[in-house]
2 protein chains.
Amino acid sequence: MSVPALSALRQELARQRLDGFIVPRADEHLGEYVPAAAERLAWLSGFTGSAGLAIVLAETAAVFTDGRYVLQLAEQTDSEAWQRLHITEEPPPTWLAQHAPKKARIGYDPLLISEEGLARYTGAELDMVAVERNPIDAVWTDRPAPPTVPALPHPLAYAGRTSEDKRADVAKLLRDAKQDAAVLTDPASIAWLLNIRGGDVPFTPFALGFALVHADGATDLFMAPEKLPAATRAWLGNTVSVADRHAIGSALDKLAGKTVRVDASGSPVWFAQRLLKAGAVVSSASDPCLLPKACKNATEQQGTRDAHLRDAVAVCRFLHWLSITAPTGQETEMSAAAALLAFRRKVDGFRGESFPAISGAGEHGAIIHYRVTDDSNRAIRPDEVYLIDSGAQYPDGTTDITRTLWTGPGDPPETVRDRVTRVMQGHIAIATAVFPKGVGGAHLDAFARRALWQAGLDYDHGTGHGVGSYLSVHEGPVSISRLARPVPIDTGMILSNEPGFYLPDHYGIRLENLLLVQTADIPGAQKPFLDFETLTLAPFDRRLLQPALMTAQERAWLDAYHARVLRAVGPLLGEAEQAWLAAACAPLG
Amino acid sequence: MSVPALSALRQELARQRLDGFIVPRADEHLGEYVPAAAERLAWLSGFTGSAGLAIVLAETAAVFTDGRYVLQLAEQTDSEAWQRLHITEEPPPTWLAQHAPKKARIGYDPLLISEEGLARYTGAELDMVAVERNPIDAVWTDRPAPPTVPALPHPLAYAGRTSEDKRADVAKLLRDAKQDAAVLTDPASIAWLLNIRGGDVPFTPFALGFALVHADGATDLFMAPEKLPAATRAWLGNTVSVADRHAIGSALDKLAGKTVRVDASGSPVWFAQRLLKAGAVVSSASDPCLLPKACKNATEQQGTRDAHLRDAVAVCRFLHWLSITAPTGQETEMSAAAALLAFRRKVDGFRGESFPAISGAGEHGAIIHYRVTDDSNRAIRPDEVYLIDSGAQYPDGTTDITRTLWTGPGDPPETVRDRVTRVMQGHIAIATAVFPKGVGGAHLDAFARRALWQAGLDYDHGTGHGVGSYLSVHEGPVSISRLARPVPIDTGMILSNEPGFYLPDHYGIRLENLLLVQTADIPGAQKPFLDFETLTLAPFDRRLLQPALMTAQERAWLDAYHARVLRAVGPLLGEAEQAWLAAACAPLG
């Protein structure tokens, strides 16, 4: 199927007098999940992974993805038609510079690439051409319709602050920066700013659209009108104008002479190009909603605590169920994930998973972003390591938890316990960290790795990501990672704490809780300090730990955490589950 | 004296039709120490601190420095003539934009500011004018002559590699980057590359000059001919051409059409400006000697070990002497520093201090860069905290050590012991860190602060800086700091490990050893890991520690370190000193 698509695209490129074309996986919002109508890369190449990019030239074509998807890329794409490449080992701009003739006209869709993304291609001697209409759309005859799930009010009981209030803050931020307006292209920012939620893409409850916020707080929302029922329009109020999504172009044209804020890394380059053409001044700065959205207000903070407690009931039921079924070897990666989902469906307010669950037994656990399929699914066997990373969306909060378990009935090998203990020490080092205001995630990351590093071990991913409030489970701008942006961690942010260790072909370990950043209460502190409140409430598998390797403080933290889990979740469980939880939460020997 | 200078400068500015002029403290090498001939800021304003900048306008003038020198600035400058400002709280570019008329012609000497430094001024609506001749030099009638200390060979027994060999490496680096030549303006780079040492500035044994390295390894040295005796010329060999310092301009002009590497942050902007005018292509990249100079070869590594052992003898003698004299209250900050210098003068190969010693008793220890003067000097009293930070230059290595001592004869307060213990824990966390290749200093810095942070405490400086091999005691490109450049730590680098704690008006604590980066020997490591060898050999004051606060591993590290100090240094001391050292190095209780 992919090869006819490729031929059709090449014919269209010839018609548009283009020597090549860049096909990112992104849609016009440059986010993690895209609707079926935007799955151009999958239509063209057959590759359905969540990260990738293709470049099509007249005679040759390449499709790139990262380490997570290299095998899937090989399975899903035709080696006759495509070079299949590792995106960091052979960066697309380098490949293009090597394979395209000098001065070649290379098309790109300016709605699908950021200014910073495009800049990576402009060093070579190529003529980069912004297409007016995506040539794929011209030949993709059976393209699905865009999603039309209604956008609904996100009540104040969850949002905590009115949209007027939030917009007044953002407007002040714009005025202070001498900007007349800001372009919002991230649907999560729009959802936060206008207190609405939708369902256009899987796992993240927002509605696709664009917005312009003006320096007086008035906001223009560009969204398909059929997604905005009367109740939502009323909720938005009369300082929010609504127009069809495609009206954004002429609205930008009207900003001639104005200074308009655009996010050069988060927004498609089309916006800056259009504004410049219209005679506006483009002020490059981050999306003004990013920081206030990341710092949850008191209502959102209490909401996430409530959501985590309800979610914990499902997780603890699942862990109890698994403690019985796993040693029998009768469950599979898929059936276990389905069981957890079934437990979650019974939770008040459950609206869906916050990302596709990772359910990896043994060697599958070592594949960091493993996603079980009918083909890969296998039994969860007795006496092996099993990793499950999952999360849920509730109107009061988004959850994300990973536990690594020993299936039993035997005892785990000592080396496995050594590794799990080191990961646990890293998790505790983050959970107990105290740090001054102003510190960023790049400076805390090593705490999580120290115990592993001492043994010559490490993990090849960040330690933590931001999490939204009934929004994206991966939210910027803060993370705990060597590669974290230089944005200080601040009160109200929700971050994951998920160090790991992976022994390829054998097992994977990851221990993840979510954390809420709070002001540290330290009598006599020299200056403002922050620390973390752990939100997630579920036991870690004590069988996988070696208490003798841990310090007294580390053991005390774990015992106190388990006591808290038992106290909070125990009363919400049935009798057998409660007994199991009491044993799982018993102090370390 | 400063006000006539200011009037004379203003008259010269009027003659040159300039509305203002920027006077940095830097010389043409943008380094830490400058010769008397380049002390323009001191001549103009009276301010002699090592960091500062003045801006002179027709009616008003301001002089800026950082927190270290605010008091000194107020004492040394005339408040009628100068606004005296904090350089980070009121950044000079902001002050200039506020005080200069629009379109004002503001002069700067392009030899005294980097491209990055200049860029901070170019945002405002000012006409920034590169002067041909520094207007201060035109009116500074009693300006000292430039230094003419001879540059001498740095023998292979210390350098470890021939200049030819080093130049071949740098030349390959240039060819790989498709650069025809590189401009060197850092005298430390020239000293390293050509294996020469000089004495033009205090504390750092290099000779001031410029150089051009070509992609075939041939090098042009621009240095006053009287500084190059025949033996040095012979040592340089026939692939190094020598010309007077002022011939660099015409040499740059001859690079028309070539691609020339210039360090935009480390070199004066004059070089790029001249090259561009000459028709060369300027390739902005870091000084190509920075990294290879930082990674000491095996000879330099053994040299620094040897130098540290000899230096340790002087330091231990001093500490023994102080243990007797301090409780009497008869010594002063100056006499103690002089005593340490006297002990060091007896060490084989001692060539001078590597920086002005910081000798701070009680509240003076809380001034991070305190430099004792006749005015500030005070007695070291019994029963207080005393901090001494000092270092020496030897041909085989550069040292830098800080110890914090309790003068006795009584016992230190518990809170002081708590603080010192937390700083010690930070020191040990760095000393024992193991980390993968690729990690930078920004990722390790928090290890040094964790124990302090837990108590709401911190220190307002980096944890460590690079150190040269018989070169600068502050050497780039790597440091251990939140603000560290993103350059990975690598084998052979020498870094300081100096966490601290300062209670203003009371005391300062800093515990500093130098570290050598080495490959970690970990059986079964997943990938290459690095760790540190501690170079410095002198006891920490055990009276200031609370062993009960430390973990068993921390106590074991300190006991092992002290045992090593005793083993290495003890046999080189006299009998009484040896007995004292044995007690000072006894295991923690």
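Domain bounds here come from an automatic or database domain assignment. The structure shown in every view is a predicted model.

**View 1. Domains of chain A.** The assignment divides chain A into domain 1 (2-139), domain 2 (152-286) and domain 3 (295-584). Between the C-alpha centres of domain 1 of chain A and domain 3 of chain A the distance is 36 Å.

**View 2. Helix α12 of chain A and the residue just after it.** Helix α12 covers residues 269-278 of chain A. Gly279(A), which comes just after α12(A), has a positive phi of about 95 degrees.

**View 3. A three-stranded open sheet in chain A.** The strands are arranged in the order β15-β18-β19, and their pairing is antiparallel. Because β15 (352-353) and β19 (397-398) of chain A have a single partner strand each, they stand at the edges, and one side of each is left without a neighbour in the sheet. β15(A) and β18 (residues 392-394) of chain A are joined by two bridges. In one of the bridged positions, Gly352(A) has Gln393(A) of β18(A) as its partner.

View 4. Strands of a sheet pair through backbone hydrogen bonds, either parallel or antiparallel. In this view, β11 (residues 219-222) and β12 (residues 240-243) of chain B are parallel, with four bridges between them. Phe222(B) has Ala243(B) of β12(B) opposite. Together with helix α10 (residues 230-236) of chain B, β11(B) and β12(B) form a right-handed β-α-β unit.

Methods: Residues numbered from 1 in each chain as written. Chains lettered and ligands numbered in written order. Predicted model: local features only at pLDDT ≥ 70, side-chain atom pairs only at ≥ 80, totals over all residues. Heavy atoms only, no water. Pairing = 2+ DSSP bridges. Right-handed = clockwise from strand over helix to strand, strands pointing away. Buried < 20%, exposed > 50% of the residue type's maximum accessible area, 1.4 Å probe, protein only.
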